[in-house]
Every structure is written in structure tokens, then in C-alpha cells.
Amino acid sequence: MPATCSAVLFDIDGTLVDTNYLHVDAWLRAFADVGHPVAAWRVHRAIGMDSAKLLETLLGDDVDRLGDAAKERHRTHYAADRERIRTLDGARELLRELDRRGLAVVLATSSPPEEFEMTTDVLDAGDAVLTATTAEDVDAAKPAPDVVSRALEKAGVDAADAVMVGDAVWDVQAAAEAGVRCIGVRTGGVSEQELRDAGAIAVYDDAAALLADLDSSPLFSR
């Protein structure tokens, strides 16, 4: 069955690897360390957005004073949880199947290189991934479109010839800003309705559900 695109861009955290709640925990510890506790639900709502925006949202007027220290503490706490990172159901298989069908698989993230290495080591997708972005490729992360635009450039495809897959409202918004359609997955803890309201063209429970429905999904069915 012919595909509706030539490239599929994937967010990583919460989409392919089960790390969103590890990030929530690391941020909770970080904010407590710097003397500015934040409610867990507020942290979860900010996961996936640019770290500068996350810190501004959650620290408010204290961001200039505490932001750098909180970011460093988050990095330390998250790294300590490395052994808890796991691949989400169907993620590796989905990437390999798309590659087998001739689509370019691109990892579109603004994760720092050390976090990118941790997650991709666990994902272990091998040659199925054509190319990827990290924090070193962009100045602004999602919901700004920079990550998606840079991923398109590295893959050598136009926005109209790509589809994004992500778990956060920020993924959907960033893709839309870059002119890319976006499929949502619920593995980041965001509801189907919120993802659709943000503009997702379809929503699946997880990568495994998308793989099971691949021929009828927006990737192959017009």
C-alpha cells in the first residue's frame, strides 16, 4: 500500500520511550532541592516543552535566581534513573516496519546529547533511523517549530511530505507551525481530546496500536 508521506518524524520522550514520568520525578526533586517545591500535576503539564519555558512557567519570578540550579539538579536526578528507562510497547517494531516499507524515520527531539544517548541506547532501533536532531541543532524547542523544521532539513523532505508522531500538545503545535501533520499517542499522559484539540489528525494509545493499524492509519490511508 503506498504511503501518504516519505518521512515520519518521531518525538522520543513519552512517544518511543517511557520517560515522561521519570522527567516529572526528576523535576520534582530538582525544584525541592532549590527550595521551590512545585505540584506534580503542574510539572507533568509542562513536560515536553522547551526547558527554558518549563522553568519560566514553573518557577515564575524566581526563574532567574533558581533556573540554572534547578536545571542542573534535574540533569543529575534524571541520569540517576537511567536504568529505569524502557522502550514503550511497539516503538522499536514500528520504526523498523516503517523503514522496511521505505519511509525515512527521523527522531525529532531537542533533548541534550547525553539524554538523547540514554534514550536511543534503550530504543535500540539501529539502522531503522535515518537521522535525528538534538538540542545542539536548534535554538528553541517545542512548541516552537525549530525542531520539526530542522528534522525536515536533515531528512531532505518537504513539510507536506512528512508526518510527525508525538505524545504532547507541544509536539502537535510545533508540527503545525512547521506545516507538518501530526499523529498523537497517549503514552505521555495527555488525553485524546487535548491532542485532537491541538490539531492531531489521529490519536492512538501507543506505538503498538499505531503499528497494528498501520495500513488504515494516516501514514498509509488517505
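Predicted model: local features only at pLDDT ≥ 70, side-chain atom pairs only at ≥ 80, totals over all residues.
The axes of α3 (residues 51-59) and α4 (residues 63-80) come within 10 Å and cross at roughly 125°, so the two helices are oblique to each other. Their crossing is right-handed. On the α3 side, the residues involved are Ser51, Leu55, Glu56 and Leu59, and they meet Val63, Leu66, Gly67, Ala70 and Lys71 of α4. Sorted by class, this contact has 5 nonpolar, 2 polar and 2 charged residues.

Next comes the loop between α2 and α3, where Ile47 lies. Its relative accessible area is 9%, and because buried means under 20%, Ile47 counts as buried. So what does Ile47 touch, leaving aside its neighbours within four places in sequence? Its contacts are Asn20, His23, Val24, Trp27, Leu54, Ala168 and Trp170. Asp13 sits 34 residues away from Ile47 in sequence, with 9.3 Å between their C-alpha atoms.

Trp170, one of the contacts of Ile47, also belongs to helix α8, which spans residues 169-177. In α8, Trp170 is buried, and so are Val169, Asp171, Val172, Ala174 and Ala175. What covers these buried residues? The cover includes the helices α2 (40-46), α7 (146-155) and α9 (192-198), along with the strands β4 (162-166) and β5 (181-185). After α8 comes Gly179, which has a positive phi, near 80°.

Conventions: Residues numbered from 1 in each chain as written. Heavy atoms only, no water. Buried < 20%, exposed > 50% of the residue type's maximum accessible area, 1.4 Å probe, protein only. Helix = DSSP H or I, 4+ residues; strand = E, 2+ residues; numbered from the N terminus. Contact = heavy atoms within 4.5 Å. Axes fitted to C-alpha atoms, helices over the stretch in contact; angles between N-to-C directions. Parallel < 35°, antiparallel > 145°, perpendicular 65-115°, else oblique. Left-handed = near helix turned anticlockwise from the far one by under 90°. Nonpolar A, V, L, I, M, F, W, Y, C, P; charged D, E, K, R; others polar.
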